[in-house]
Amino acid sequence: LGLLDPALLMYESAMQLGLRYEDEWLRWRSELGIGVLHQARGNYPSARRSFGLVLSAPTAHPELLLAAHQGLVSAAIAAKDYSTALRHGWAMLEYADDRSATKAEVLCVLGGLCTEIGCPSAAVGAFSVALSLSEHTHQRWFLLRETLT
């Protein structure tokens, strides 16, 4: 809704609760949210710092690590640092659980990145594999369109 300042206050408050009650998931989930808010404002250095903190957390959960890598993919694309974007995009696969839907989403990110950097055959490959894994109709339509264009 564009209410970035109130959202930041809520994430900071949630982070304090996570610290106070030693709830590591809440702490690192809050840091991710803060990173997303920085990214929404175009403050990529602060966004990268927040996502990096999550990646360095000894107790971060796999889904939070995946999200931190995804945030770093977006920040790297904004900086046209495609090698870093690919490194973090590839790392996302490590944290994708065994559910097909999660792997399909990660492959969508990688396919979009391959499209961005001008590697259409790699993009079609990623979208094709994602299409075979996808369980969601809306995602399948998107993937079919991307594979055929």
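This briefing describes the helices, cores, charged pairs and backbone angles of one protein model.

The model is predicted, so local features are given where pLDDT is at least 70 and side-chain atom pairs count only at pLDDT 80 or more, while totals for chains, interfaces and linings use all residues. Residues are numbered from 1 along each chain as its sequence is written, and side-chain values use heavy atoms, with hydrogens and water left out. The protein has eight helices and zero strands, where helices (H or I, at least four residues) and strands (E, at least two) are DSSP runs numbered from the N terminus.

**Overall make-up**

- Read from the N terminus on, the elements of the protein run α-α-α-α-α-α-α-α.
- Of the 149 residues in the protein, 38% are buried, a term that means under 20% relative accessible area, with exposed meaning over 50% and partly exposed lying in between (1.4 Å probe, protein chains only).
- The accessible surface of the protein comes to about 8500 Å², and 60% of this surface belongs to carbon and sulfur atoms; the areas come from the Shrake-Rupley method with a 1.4 Å probe, and for residues only the protein chains shown count as cover.
- Among the contacts in the protein with a separation of 6 or more, 42% are between residues 24 or more positions apart, where contact means heavy atoms within 4.5 Å.

**Helix H4 and its cover**

- Helix H4 (residues 62–78) has 17 residues and reaches 25 Å from its first C-alpha to its last, close to the 24 Å expected at 1.5 Å a residue; the expected span is 1.5 Å times one less than the number of residues.
- The buried residues of H4 include Leu64, Leu65, Leu66, His69, Gly71 and Leu72, and what covers the buried residues of this helix includes H2, H3, helix H5 (82–95) and helix H6 (100–116).

**Nonpolar cores**

- A nonpolar core is a set of buried Ala, Val, Leu, Ile, Met, Phe, Trp, Tyr and Cys residues joined through side-chain atoms within 4.5 Å.
- The largest nonpolar core has 14 residues, of which Leu66, Ala85, Met92, Val106, Leu107 and Ala130 touch the most other members.
- At least two residues of this core come from each of H4, H5, H6 and helix H7 (120–133), and H6 gives the most, with six residues.
- Apart from this core lies another, of eleven residues, among them Trp28, Ala47, Phe51 and Val54.
- Leu107 is in contact with Leu93, Ala126, Val129, Ala130 and Leu133, leaving aside its neighbours within four places in sequence.

**Salt bridges**

- The structure holds two salt bridges, each defined as a side-chain nitrogen of Lys or Arg within 4 Å of a carboxyl oxygen of Asp or Glu.
- In one of them, the side chains of Asp5 and Arg41 meet at 2.3 Å, N to O.
- This pair links distant parts of the chain, with Asp5 in helix H1 (residues 4–20) and Arg41 in the loop between H2 and H3, 36 residues apart.
- Asp5 counts as exposed because its relative accessibility is 52%, whereas Arg41, at 39%, counts as partly exposed.
- The side chains of Arg27 and Glu24 also meet in a salt bridge, at 3.9 Å, N to O; because these residues are three residues apart in helix H2, about one helical turn separates them.
- Arg27 is partly exposed at 25% relative accessibility, and Glu24 is partly exposed with a relative accessible area of 28%.

**A buried charge without a salt bridge**

- Glu31 lies in helix H2 (residues 24–40) and is buried yet has no salt bridge, the nearest side chain of opposite charge being that of Arg49, 4.1 Å away; for such charges, Lys and Arg count as positive and Asp and Glu as negative, while His and the chain ends are not counted.
- Not counting residues up to four places away in sequence, Glu31 touches Met15, Arg49, Ser50, Leu53 and Val54.
- Arg49 lies in helix H3 (residues 44–56) and counts as partly exposed at 47% relative accessibility.

**Positive phi angles**

- Most residues other than glycine have a negative phi.
- Glu22, although not a glycine, has a positive phi of about 55°; Glu22 is found in the loop between H1 and H2 and counts as exposed at 67% relative accessibility.
- Lys80, also not a glycine, has a positive phi of about 60°; Lys80 is found in the loop between H4 and H5 and counts as exposed at 58% relative accessibility.
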